[in-house]
Amino acid sequence: MRRKLAGRSSRTAPKVVVLMGGPSAEREVSLSSGRECAKALRQAGFEVVELDAGRDLPARLAEYAPDVVFNALHGRWGEDGCVQGLLEWLGCRYTHSGVLASALAMDKSRAKQVLRLAGLPVMDSVIASADEVRNRHVMAPPYVVKPNDEGSSVGVYIVHEAANGPPQLSDQMPARVMVETYAPGRELTVAVLGDRALGVTEIVTRGWYDYDAKYKPGGSTHVIPADIPAEIAAACRDYAVRAHQALGCRGLTRTDFRWDESRGLDGLIILEVNTQPGMTPTSLAPEQAAHTGMDFPALCRWIVEEALCRA
(Lines give C-alpha, C1' and ligand atoms only; values in the text may rest on other atoms or scores of the structure.)
Protein backbone atom coordinates (compact mmCIF):
# COMPACT_ATOMS: atom_id res chain seq x y z
CA MET A 1 0.00 0.00 0.00
CA ARG A 2 2.84 2.40 0.76
CA ARG A 3 4.18 2.00 -2.81
CA LYS A 4 0.89 3.44 -4.06
CA LEU A 5 1.06 6.27 -1.57
CA ALA A 6 4.60 7.16 -2.61
CA GLY A 7 3.39 7.65 -6.17
CA ARG A 8 0.67 10.13 -5.27
CA SER A 9 1.18 13.60 -6.71
CA SER A 10 2.10 16.29 -4.19
CA ARG A 11 -0.51 18.51 -5.89
CA THR A 12 -3.32 16.05 -5.09
CA ALA A 13 -5.29 16.57 -1.88
CA PRO A 14 -4.41 13.83 0.62
CA LYS A 15 -6.90 10.97 0.58
CA VAL A 16 -8.42 10.13 3.96
CA VAL A 17 -10.47 7.02 4.66
CA VAL A 18 -12.74 7.60 7.66
CA LEU A 19 -13.35 4.33 9.50
CA MET A 20 -16.70 4.22 11.27
CA GLY A 21 -19.42 1.85 12.44
CA GLY A 22 -17.88 -1.54 13.06
CA PRO A 23 -19.26 -4.36 15.22
CA SER A 24 -19.08 -2.89 18.75
CA ALA A 25 -21.87 -1.87 21.13
CA GLU A 26 -21.01 1.73 20.21
CA ARG A 27 -21.65 1.32 16.49
CA GLU A 28 -24.29 4.07 16.22
CA VAL A 29 -22.11 6.59 18.08
CA SER A 30 -19.21 5.74 15.77
CA LEU A 31 -21.35 6.24 12.66
CA SER A 32 -22.34 9.68 13.95
CA SER A 33 -18.72 10.59 14.74
CA GLY A 34 -17.51 9.31 11.38
CA ARG A 35 -20.04 11.21 9.29
CA GLU A 36 -19.29 14.46 11.10
CA CYS A 37 -15.53 13.97 10.75
CA ALA A 38 -15.87 13.14 7.04
CA LYS A 39 -17.90 16.31 6.48
CA ALA A 40 -15.35 18.42 8.38
CA LEU A 41 -12.40 16.91 6.52
CA ARG A 42 -13.99 17.69 3.17
CA GLN A 43 -14.43 21.28 4.35
CA ALA A 44 -10.74 21.26 5.32
CA GLY A 45 -9.75 20.31 1.77
CA PHE A 46 -9.13 16.55 1.96
CA GLU A 47 -10.37 13.87 -0.41
CA VAL A 48 -12.54 11.70 1.84
CA VAL A 49 -13.94 8.17 1.65
CA GLU A 50 -16.36 6.95 4.33
CA LEU A 51 -15.92 3.27 5.20
CA ASP A 52 -18.11 1.16 7.49
CA ALA A 53 -15.51 -1.21 8.94
CA GLY A 54 -16.29 -4.89 8.29
CA ARG A 55 -14.52 -8.15 7.55
CA ASP A 56 -13.51 -6.90 4.11
CA LEU A 57 -11.57 -3.98 5.60
CA PRO A 58 -8.09 -5.06 4.34
CA ALA A 59 -9.37 -5.43 0.77
CA ARG A 60 -11.24 -2.13 0.89
CA LEU A 61 -8.18 -0.27 2.19
CA ALA A 62 -6.01 -1.81 -0.53
CA GLU A 63 -8.58 -0.63 -3.07
CA TYR A 64 -8.75 2.95 -1.76
CA ALA A 65 -4.99 3.32 -1.00
CA PRO A 66 -5.43 6.20 1.48
CA ASP A 67 -2.70 8.54 2.62
CA VAL A 68 -4.10 8.25 6.13
CA VAL A 69 -6.91 6.40 7.91
CA PHE A 70 -9.01 8.52 10.26
CA ASN A 71 -10.13 6.15 13.00
CA ALA A 72 -13.64 7.17 14.12
CA LEU A 73 -14.44 3.74 15.60
CA HIS A 74 -15.51 3.40 19.24
CA GLY A 75 -15.55 0.41 21.59
CA ARG A 76 -14.11 -3.04 21.15
CA TRP A 77 -12.08 -3.84 18.04
CA GLY A 78 -11.86 -0.21 16.95
CA GLU A 79 -10.54 1.26 20.19
CA ASP A 80 -8.70 -1.60 21.89
CA GLY A 81 -5.65 -2.07 19.68
CA CYS A 82 -7.18 -4.60 17.27
CA VAL A 83 -7.83 -2.37 14.27
CA GLN A 84 -4.65 -0.46 15.09
CA GLY A 85 -2.68 -3.71 14.74
CA LEU A 86 -4.39 -4.43 11.43
CA LEU A 87 -3.54 -0.96 10.14
CA GLU A 88 0.08 -1.40 11.24
CA TRP A 89 0.26 -4.72 9.39
CA LEU A 90 -1.22 -3.13 6.26
CA GLY A 91 1.28 -0.28 6.44
CA CYS A 92 -1.37 2.43 6.84
CA ARG A 93 -0.80 5.68 8.64
CA TYR A 94 -3.69 6.23 11.04
CA THR A 95 -4.95 8.74 13.56
CA HIS A 96 -5.14 8.58 17.35
CA SER A 97 -3.18 6.22 19.60
CA GLY A 98 -1.20 3.15 18.60
CA VAL A 99 -1.63 -0.53 19.41
CA LEU A 100 -0.22 -0.65 22.94
CA ALA A 101 -1.70 2.62 24.19
CA SER A 102 -5.12 1.73 22.77
CA ALA A 103 -5.07 -1.73 24.34
CA LEU A 104 -3.89 -0.39 27.70
CA ALA A 105 -6.44 2.43 27.90
CA MET A 106 -9.32 0.11 26.96
CA ASP A 107 -8.33 -2.42 29.64
CA LYS A 108 -9.44 -0.44 32.69
CA SER A 109 -7.60 -2.62 35.21
CA ARG A 110 -4.24 -2.46 33.44
CA ALA A 111 -4.65 1.23 32.70
CA LYS A 112 -5.11 1.85 36.42
CA GLN A 113 -1.90 0.00 37.16
CA VAL A 114 0.01 2.24 34.74
CA LEU A 115 -1.60 5.42 36.06
CA ARG A 116 -0.97 4.45 39.68
CA LEU A 117 2.71 3.81 38.91
CA ALA A 118 2.82 7.30 37.36
CA GLY A 119 1.61 8.75 40.66
CA LEU A 120 -1.89 9.55 39.43
CA PRO A 121 -5.03 9.09 41.57
CA VAL A 122 -7.38 6.21 40.71
CA MET A 123 -10.00 4.27 42.68
CA ASP A 124 -9.40 0.79 44.12
CA SER A 125 -10.97 -2.02 42.11
CA VAL A 126 -10.98 -5.78 41.60
CA ILE A 127 -11.75 -8.08 38.69
CA ALA A 128 -14.36 -10.71 39.57
CA SER A 129 -16.61 -13.19 37.82
CA ALA A 130 -20.05 -11.86 36.91
CA ASP A 131 -21.65 -14.81 38.73
CA GLU A 132 -19.80 -13.98 41.94
CA VAL A 133 -20.87 -10.33 41.66
CA ARG A 134 -24.50 -11.44 41.26
CA ASN A 135 -24.28 -13.64 44.36
CA ARG A 136 -22.52 -11.45 46.91
CA HIS A 137 -20.98 -8.04 47.55
CA VAL A 138 -17.36 -8.49 46.48
CA MET A 139 -16.55 -5.18 48.19
CA ALA A 140 -18.41 -3.00 50.65
CA PRO A 141 -20.98 -0.69 49.00
CA PRO A 142 -21.04 1.83 47.48
CA TYR A 143 -19.34 0.47 44.40
CA VAL A 144 -19.66 0.38 40.62
CA VAL A 145 -19.71 -2.68 38.36
CA LYS A 146 -18.75 -2.36 34.70
CA PRO A 147 -17.13 -4.31 31.88
CA ASN A 148 -13.37 -4.07 32.03
CA ASP A 149 -13.08 -3.25 28.33
CA GLU A 150 -16.03 -1.21 27.10
CA GLY A 151 -16.53 2.53 26.80
CA SER A 152 -19.40 5.05 26.74
CA SER A 153 -20.72 3.84 30.12
CA VAL A 154 -21.95 0.61 28.50
CA GLY A 155 -23.16 -1.88 31.11
CA VAL A 156 -22.54 0.20 34.27
CA TYR A 157 -24.24 -0.70 37.56
CA ILE A 158 -24.08 1.48 40.69
CA VAL A 159 -24.58 -0.31 44.01
CA HIS A 160 -25.50 2.19 46.74
CA GLU A 161 -24.87 1.83 50.47
CA ALA A 162 -28.56 1.11 51.06
CA ALA A 163 -28.70 -1.69 48.46
CA ASN A 164 -30.64 -4.74 49.66
CA GLY A 165 -28.35 -7.13 47.83
CA PRO A 166 -25.78 -7.51 45.05
CA PRO A 167 -26.63 -6.26 41.53
CA GLN A 168 -28.47 -8.55 39.14
CA LEU A 169 -26.24 -8.13 36.12
CA SER A 170 -27.75 -8.72 32.70
CA ASP A 171 -26.83 -11.79 30.68
CA GLN A 172 -25.07 -9.49 28.20
CA MET A 173 -22.36 -8.63 30.73
CA PRO A 174 -19.01 -10.37 30.14
CA ALA A 175 -17.97 -13.35 32.27
CA ARG A 176 -15.51 -11.20 34.22
CA VAL A 177 -16.19 -7.61 35.27
CA MET A 178 -14.56 -4.76 37.16
CA VAL A 179 -15.87 -3.84 40.61
CA GLU A 180 -14.67 -0.40 41.61
CA THR A 181 -15.07 1.73 44.72
CA TYR A 182 -17.64 4.42 43.98
CA ALA A 183 -16.15 7.88 43.47
CA PRO A 184 -18.60 10.60 44.56
CA GLY A 185 -18.54 14.13 43.25
CA ARG A 186 -18.72 16.26 40.14
CA GLU A 187 -18.01 15.00 36.61
CA LEU A 188 -15.05 16.75 34.96
CA THR A 189 -13.22 16.03 31.74
CA VAL A 190 -10.10 17.27 29.93
CA ALA A 191 -9.15 16.79 26.29
CA VAL A 192 -5.46 16.53 25.40
CA LEU A 193 -4.24 17.38 21.92
CA GLY A 194 -0.69 16.20 21.39
CA ASP A 195 0.89 17.34 24.65
CA ARG A 196 -1.53 20.19 25.43
CA ALA A 197 -4.59 20.14 27.69
CA LEU A 198 -7.39 22.09 26.00
CA GLY A 199 -9.55 22.92 29.01
CA VAL A 200 -11.77 21.57 31.77
CA THR A 201 -15.47 20.86 31.24
CA GLU A 202 -18.00 19.99 33.93
CA ILE A 203 -20.73 17.57 32.86
CA VAL A 204 -24.01 18.19 34.67
CA THR A 205 -26.69 15.48 34.65
CA ARG A 206 -29.73 14.57 36.72
CA GLY A 207 -28.17 11.25 37.63
CA TRP A 208 -25.35 8.96 36.48
CA TYR A 209 -23.49 10.02 33.34
CA ASP A 210 -24.66 6.92 31.47
CA TYR A 211 -24.99 6.13 27.76
CA ASP A 212 -28.26 8.06 27.39
CA ALA A 213 -26.87 11.09 29.25
CA LYS A 214 -23.90 11.10 26.88
CA TYR A 215 -25.70 10.73 23.58
CA LYS A 216 -29.41 11.61 23.83
CA PRO A 217 -30.52 15.24 23.35
CA GLY A 218 -30.86 16.98 26.69
CA GLY A 219 -29.18 14.13 28.55
CA SER A 220 -26.45 16.38 29.97
CA THR A 221 -25.20 19.95 30.09
CA HIS A 222 -21.57 20.90 29.44
CA VAL A 223 -20.12 23.82 31.41
CA ILE A 224 -16.88 25.15 29.91
CA PRO A 225 -14.78 26.34 31.53
CA ALA A 226 -15.84 24.41 34.60
CA ASP A 227 -16.73 26.59 37.59
CA ILE A 228 -14.10 25.12 39.90
CA PRO A 229 -11.13 26.48 41.87
CA ALA A 230 -8.02 27.32 39.85
CA GLU A 231 -6.01 24.71 41.79
CA ILE A 232 -8.41 21.93 40.76
CA ALA A 233 -8.55 23.07 37.14
CA ALA A 234 -4.73 23.13 36.98
CA ALA A 235 -4.55 19.65 38.53
CA CYS A 236 -7.07 18.31 36.01
CA ARG A 237 -5.02 19.61 33.11
CA ASP A 238 -1.77 18.32 34.60
CA TYR A 239 -3.18 14.86 35.38
CA ALA A 240 -4.72 14.53 31.91
CA VAL A 241 -1.42 15.28 30.13
CA ARG A 242 0.47 12.93 32.46
CA ALA A 243 -2.08 10.16 31.92
CA HIS A 244 -1.88 10.64 28.13
CA GLN A 245 1.90 10.34 28.32
CA ALA A 246 1.99 7.46 30.83
CA LEU A 247 -0.17 5.29 28.57
CA GLY A 248 1.85 6.26 25.50
CA CYS A 249 -1.08 7.96 23.76
CA ARG A 250 -0.83 10.24 20.75
CA GLY A 251 -3.12 12.59 18.87
CA LEU A 252 -6.34 13.35 20.75
CA THR A 253 -7.46 11.80 24.06
CA ARG A 254 -9.96 12.71 26.77
CA THR A 255 -9.50 11.98 30.48
CA ASP A 256 -12.57 11.79 32.74
CA PHE A 257 -12.52 12.70 36.42
CA ARG A 258 -14.67 12.71 39.54
CA TRP A 259 -14.08 15.51 42.03
CA ASP A 260 -15.38 15.41 45.62
CA GLU A 261 -15.12 19.11 46.45
CA SER A 262 -15.43 18.43 50.21
CA ARG A 263 -11.95 16.83 50.06
CA GLY A 264 -10.20 19.46 47.95
CA LEU A 265 -7.37 18.18 45.77
CA ASP A 266 -7.48 14.77 47.50
CA GLY A 267 -11.00 14.35 46.10
CA LEU A 268 -9.86 14.47 42.45
CA ILE A 269 -9.83 10.99 40.88
CA ILE A 270 -9.16 9.80 37.32
CA LEU A 271 -11.94 7.52 36.06
CA GLU A 272 -10.51 6.62 32.64
CA VAL A 273 -8.63 7.79 29.57
CA ASN A 274 -10.47 7.68 26.23
CA THR A 275 -8.21 7.22 23.21
CA GLN A 276 -11.13 7.56 20.75
CA PRO A 277 -13.31 10.32 22.24
CA GLY A 278 -16.62 11.22 20.61
CA MET A 279 -16.12 13.34 17.50
CA THR A 280 -19.20 15.34 16.66
CA PRO A 281 -19.04 19.15 16.79
CA THR A 282 -20.91 19.11 20.12
CA SER A 283 -18.88 16.27 21.68
CA LEU A 284 -16.75 17.13 24.69
CA ALA A 285 -13.30 17.20 23.06
CA PRO A 286 -14.37 19.26 20.00
CA GLU A 287 -16.20 21.65 22.33
CA GLN A 288 -12.98 22.24 24.24
CA ALA A 289 -11.05 22.74 21.01
CA ALA A 290 -13.65 25.28 19.85
CA HIS A 291 -13.30 27.10 23.18
CA THR A 292 -9.59 27.60 22.38
CA GLY A 293 -10.43 28.97 18.91
CA MET A 294 -9.97 25.73 16.92
CA ASP A 295 -13.16 24.94 14.98
CA PHE A 296 -14.19 21.39 14.10
CA PRO A 297 -12.67 21.24 10.58
CA ALA A 298 -9.40 22.64 11.98
CA LEU A 299 -9.40 20.01 14.74
CA CYS A 300 -9.96 17.20 12.26
CA ARG A 301 -7.25 18.64 10.01
CA TRP A 302 -4.78 18.73 12.94
CA ILE A 303 -5.53 15.08 13.77
CA VAL A 304 -4.91 14.00 10.17
CA GLU A 305 -1.77 16.09 9.73
CA GLU A 306 -0.35 14.75 13.00
CA ALA A 307 -0.82 11.22 11.65
CA LEU A 308 0.68 12.12 8.26
CA CYS A 309 3.80 13.48 9.98
CA ARG A 310 4.60 10.20 11.74
CA ALA A 311 7.47 8.14 10.39
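Two strands are said to pair if DSSP finds at least two bridges between them. The exercises below use this definition on a predicted model.

**Exercise 1.** Work out which strands form the edges of the open sheet of 4 strands, and which helix packs on that sheet.

*Solution.* Begin with the strand order, which is 4-7-5-6 in this open sheet, with antiparallel pairing. Next, look for strands that pair on one side only: these are strand 4 (125-129) and strand 6 (157-159), the edge strands. From one strand to the next, the twist averages 25°. Finally, turn to helix 6 (residues 108-117), which packs on the sheet by touching strand 4, strand 5 and strand 7 (176-181), and whose direction makes about 45° with that of strand 7.

**Exercise 2.** Show that strand 5 pairs with strand 6, and find the bridge partner of V145.

*Solution.* Strand 5 (residues 143-147) is joined to strand 6 by 3 bridges, and because pairing requires at least two bridges, the two strands pair. They run antiparallel, and within strand 6 the residue bridged to V145 is Y157.

**Exercise 3.** Decide whether T201 is buried or exposed, and describe its surroundings.

*Solution.* First locate T201, which lies in strand 10 (residues 201-204). Its relative accessible area is 0%, so T201 is buried. Then set aside the neighbours within four places in sequence; the residues in contact with T201 include E187, H222, L284 and Q288. With Q288 there is also a polar contact, side chain to side chain, at 2.9 Å.

Definitions and conventions. Residues numbered from 1 in each chain as written. Predicted model: local features only at pLDDT ≥ 70, side-chain atom pairs only at ≥ 80, totals over all residues. Heavy atoms only, no water. Axes fitted to C-alpha atoms, helices over the stretch in contact; angles between N-to-C directions. Contact = heavy atoms within 4.5 Å. Buried < 20%, exposed > 50% of the residue type's maximum accessible area, 1.4 Å probe, protein only. Polar contact = N/O pair within 3.5 Å; in protein donor to acceptor, adjacent residues only side chain to side chain.
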